[in-house]
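Let's take a friendly walk through a protein model, one region after another. Keep the 3D view open and find each residue as we come to it.

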Amino acid sequence: MSTAGPGRDVPEAQIAVHWREEEYYYPPARFIGQANASDPGILRRFGEENFPECFREYADLLDWDAYWHTTLDTGNPPFWKWFVGGRLNACRNCVDRHLPTSRDKAAFIWVPEPETEPPRVLTYQELYVQVNEFAALLRDFCGIQQGDRVTFHMPMVPELPVCMLACARLGVVHSEVFGGFSGMACGDRLADSGSRVLVTMDGYHRAGKLSDHKAKADEAVQVADKLGQQVDKVLVWRRHPGQYVSQTPMVEGRDFFVDDLLPGYRGRRVEPESMPAEAPLFLMYSSGTTGRPKGAQHRTGGYLSYVAGTAKYYLDIHPEDTYWCAADIGWITGHSYIVYGPLALGTTSVLYEGAPTHPDAGRCWRIAERLGVNIFHTAPTTIRLLRKLGPDEPAKYDYHFKHLTTVGEPIEPEVWRWYHEAVGKGEAVIDDTWWLTETGGFLGATLPALQPMKPGSCGPGVLGIYPVIYDDEGNTVEPGSGRAGNVCIRNPWPSVLQTIWGQPERFVELYYGKYCRDRQSTDWRDWPFLCGDGAVQAADGYLRILGRIDDVINVAGHRLGTKELESACLTVAEVAEAAAVPVVDELRGRVVEMYVALNPGLEPGGELETKVARAVERQIGPIARPKKVWIVPDMPKTRSGKIMRRVIAGISNFADVGDTSTLANPEVVDAIRHLVQSRK
Ligand code: WTA
């Protein structure tokens, strides 16, 4: 392969499943009849000749306090500015403006764990009241002002969108760290964002266990402190108000129970701040590859327009639907397609606590049946798991999905078919949505009523997104050539990240450095955006995403940095070197295996493998726990001393390891192969 596609790091071509390509499925007539986008004219309206004005159509879904004068300003590339001169408030758009028509409509129906606890409905009016009270608390009790950052480390509870919207109301930048992440990971992000306030919860339920989540807050504050960021206040929501479920003491003067404070703010109203369209709305940290975490900074106007528009046309949400995105709000999917997009459209959404397989593999279908969910959005890893644990479960429940969507990783055609036939009962349209934290919203997907589905491919670029595939030299790889390359987006779009928080140079280099044709140019055509995925584009323009080309391993839809994983291993005193490699896994798509070499003179034994696995879990979180830790005599290295992960990944996946003659220590390849393959 002549490209920097996944062939460079993992010999993906040899381990991938065999795709039955070019097999189209068409949406049922019933779906087409009701779809938000059923007129093919929309494809023309978003054609390149109408760029960038086509995006007005999305922005017009919102209420603006002041209309913009310039749709796209390219004056300081690649720091694109969208809807310049416009002013709006994201919270007002997601909450207040729905009150006259939908005060008593459910904004969220929250399904807690255990199932014996009844669902809790939060109407738009209740959401409005809670958001206002919490905003007053943040402003008056914590002294938080416009432009400040506030970090949340919250689980899947309705209090999380309340926190987000309260910040948006005040013009405060929020940064939610996925609840499953460790205290250390949270501390790093707290420090990087410069947050003085951390909002957390004492505990939450998952798969039958009640976690002690508050313990992580203490660690996070300590880590941030060591990094020079002082956290003045920790606001602790109680999962069961009035009853503290954590064993961790509250720190006098620093920690406060939100449910103790809120009565002091009862009935308080906070005017939504009228923010410039370009004001940052939130940060979303993704695993960095080295050192400093990477906070993707998203803007207010462009982001909200784009997620509202794509939620309308791709998720096809209508006012009367009950929509359920089963992702965690701690990830970008939850921000864009649980909170901001659906609320901007005035949707009723389901939120749930717990796991899709607990107490059994019927949980999702029971929830769908009970609440009348008709649009369901989840990740392939969940679908694979549910298919394995309960292939016949969906048939036992009486629900009707008109639309099923997926996100986060490629979905294998066999799994796609089960989703379509068993879960969708052959009646639902499936949409495979491809995008990234940094892109704010969908990049590749099918317009559900207008473009046929093709299992294994996400679809063409979405409305107003013009993808292109380049080889390493920047030559275009033509659609239909069958060759893989680096997928880029040729044009800016309203929800592309503004920058990496505090690291503008890194932003330019990471996303534009490779293919920028002229750094002086203010013509957007000279600045293709590098997505970081390898892909093949078919003659019909559909993209088949192959996986990350950078130092990121996508485990069950979560991005983990290889460097982060490796540094976690190196905190174990005995470990000299470590390499993280992705290994194909039937259920989770990819899992991490760690290869470690010990300091000279040390022998394997004494539960070292467990120690290494624990270290990774402690530093990053349980989702990063390696499937297996291998202690090897040495790492395969280039003559310049670079660890060849590609070779290790080849061995681990029983694939060809490629040419090893240039290694400094080729003999170690056989030693590792012998060790690994004899024990797998
Ligand atoms: C992968 C998640 C194939 C891809 C929204 C991307 C996908 C990374 C798909 C971003 C899909 C996401 N098909 N691969 N439908 N969706 N990916 O930032 O490798 O958590 O680069 O954003 O997930 O992960 P992130």
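## A tour of the predicted model

Asparagine 653 is buried, because its relative accessible area is 12% and buried means under 20%. Keep in mind that we are looking at a predicted model. The side chain of asparagine 653 reaches the backbone oxygen of proline 582 at 3.3 Å. A polar atom of that side chain also lies 2.8 Å from the backbone oxygen of alanine 649.

Now turn to the salt bridges. How many does a search of the whole structure find? The search finds 47 salt bridges. Here are three of them:

| Pair | N to O distance |
|---|---|
| Arginine 238 and aspartate 259 | 3.1 Å |
| Glutamate 566 and arginine 645 | 2.8 Å |
| Glutamate 577 and lysine 637 | 2.9 Å |

Let's take the pairs in turn. Arginine 238 forms a salt bridge with aspartate 259. Arginine 238 sits in the loop between strand 11 (233–237) and strand 12 (255–257), while aspartate 259 belongs to helix 11 (residues 258–261), so the pair ties together parts that are 21 residues apart in sequence. Arginine 238 counts as buried at 10% relative accessibility, whereas aspartate 259 is partly exposed, with a relative accessible area of 24%.

Next comes the salt bridge between the side chains of glutamate 566 and arginine 645. This pair links distant parts of the chain: glutamate 566 is in helix 18 (residues 562–569) and arginine 645 is in helix 20, 79 residues apart. Are these two residues buried or exposed? Both glutamate 566 and arginine 645 are buried.

Glutamate 577 is partly exposed, with a relative accessible area of 23%, but lysine 637 counts as buried at 17%.

Salt bridges can also join up into a network. One such network links Lys214, Asp218, Arg254 and Asp255.

Let's move on to the ligand. It is surrounded by 17 residues, and the closest are Asp432, Thr437, Asp533, Arg548 and Arg559. The shell divides into seven nonpolar, five polar and five charged residues. Which elements each supply at least two residues of this shell? They are helix 13 (332–344), strand 20 (429–433) and strand 25 (543–548).

A nitrogen atom of the ligand lies 3.0 Å from a backbone N or O atom of glycine 408. An N or O atom in the side chain of arginine 548 is 2.6 Å from an oxygen atom of the ligand. For asparagine 554, a side-chain N or O atom is 3.0 Å from an oxygen atom of the ligand. On its own the ligand has 530 Å² of accessible area, and the protein covers 97% of that.

Finally, look at a region named in a record. An unreviewed UniProt entry lists residues 564–642 as "domain: AMP-binding enzyme C-terminal". In the model, residues 564–642 are 23% helix and 32% strand, with end C-alpha atoms 17 Å apart.

Technical notes. Residues are numbered from 1 along each chain as its sequence is written. This is a predicted model: local features need pLDDT of at least 70, side-chain atom pairs count only at pLDDT 80 or more; totals for chains, interfaces and linings use all residues. Side-chain values use heavy atoms; hydrogens and water are left out. A residue is near a molecule or strand if one of its heavy atoms lies within 4 Å of it. A polar contact is a pair of N or O atoms within 3.5 Å; within protein, one must be able to donate a hydrogen and the other to accept it, and residues adjacent in sequence count only if both atoms are side-chain atoms. Accessible areas come from the Shrake-Rupley method with a 1.4 Å probe; for residues, only the protein chains shown count as cover. Helices (H or I, at least four residues) and strands (E, at least two) are DSSP runs, numbered from the N terminus. Ala, Val, Leu, Ile, Met, Phe, Trp, Tyr, Cys and Pro count as nonpolar, Asp, Glu, Lys and Arg as charged, and the others, Gly among them, as polar. UniProt positions are given in the numbering used here, feature names are shortened, and annotations may be inferred rather than shown by experiment. Buried means under 20% relative accessible area, exposed over 50%, partly exposed in between (1.4 Å probe, protein chains only). A salt bridge is a side-chain nitrogen of Lys or Arg within 4 Å of a carboxyl oxygen of Asp or Glu.
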